[in-house]
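Colleague: I would like to go through the helix packing in this model. Please set each term against its definition.

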Amino acid sequence: MTNRIKELRARDTLTQMELARKVGVRRETIVFLEKGKYNPSLKLAYDIAQVFGMKIEEVFVF
């Protein structure tokens, strides 16, 4: 699975820590997501998509 988290964070000028706090995870989780080394739960994927005002399918490519 790939994702656009890093690109969307840059667009919104969010740090990994800020995004992590908004979705209730550790910064390391965001790091692993961006590197494609971790697949999020459906809830986490939804929460991340909501932060960016997008649908899950627009952030994550399955």
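Colleague: What makes the crossing of α2 and α4 right-handed or left-handed?

Modeller: A crossing counts as left-handed if the near helix is turned anticlockwise from the far one by less than a right angle, and as right-handed if clockwise. The crossing of α2 and α4 is right-handed. This is a predicted model, in which local features need pLDDT of at least 70, side-chain atom pairs count only at pLDDT 80 or more, and totals for chains, interfaces and linings use all residues. Residues are numbered from 1 along each chain as its sequence is written, and side-chain values use heavy atoms, with hydrogens and water left out.

Colleague: Why are α2 and α4 called oblique to each other?

Modeller: The axes of α2 (residues 16-23) and α4 (residues 42-51) cross at roughly 120° and come within 9 Å. Angles under 35 degrees count as roughly parallel, over 145 as roughly antiparallel, 65 to 115 as roughly perpendicular and the rest as oblique. The pair is therefore oblique.

Colleague: Which residues make the contact?

Modeller: With contact meaning heavy atoms within 4.5 Å, Leu19, Lys22 and Val23 of α2 meet Leu44, Asp47, Ile48 and Val51 of α4.

Colleague: How do you know that the buried residues of α2 line one face?

Modeller: Gln16, Leu19, Ala20 and Val23 are buried in α2, buried being under 20% relative accessible area, exposed over 50% and partly exposed in between (1.4 Å probe, protein chains only). Seen down the axis of α2, these buried residues fall within an arc of 100°, so they line one face of the helix. Arg21 and Lys22 are exposed, on the face of α2 turned away from its buried side.

Methods. Axes are lines fitted to C-alpha atoms, for helices over the stretch in contact, and angles run from 0 to 180 degrees between N-to-C directions. Helices (H or I, at least four residues) and strands (E, at least two) are DSSP runs, numbered from the N terminus. The arc is that of the directions from the helix axis to the C-beta atoms.
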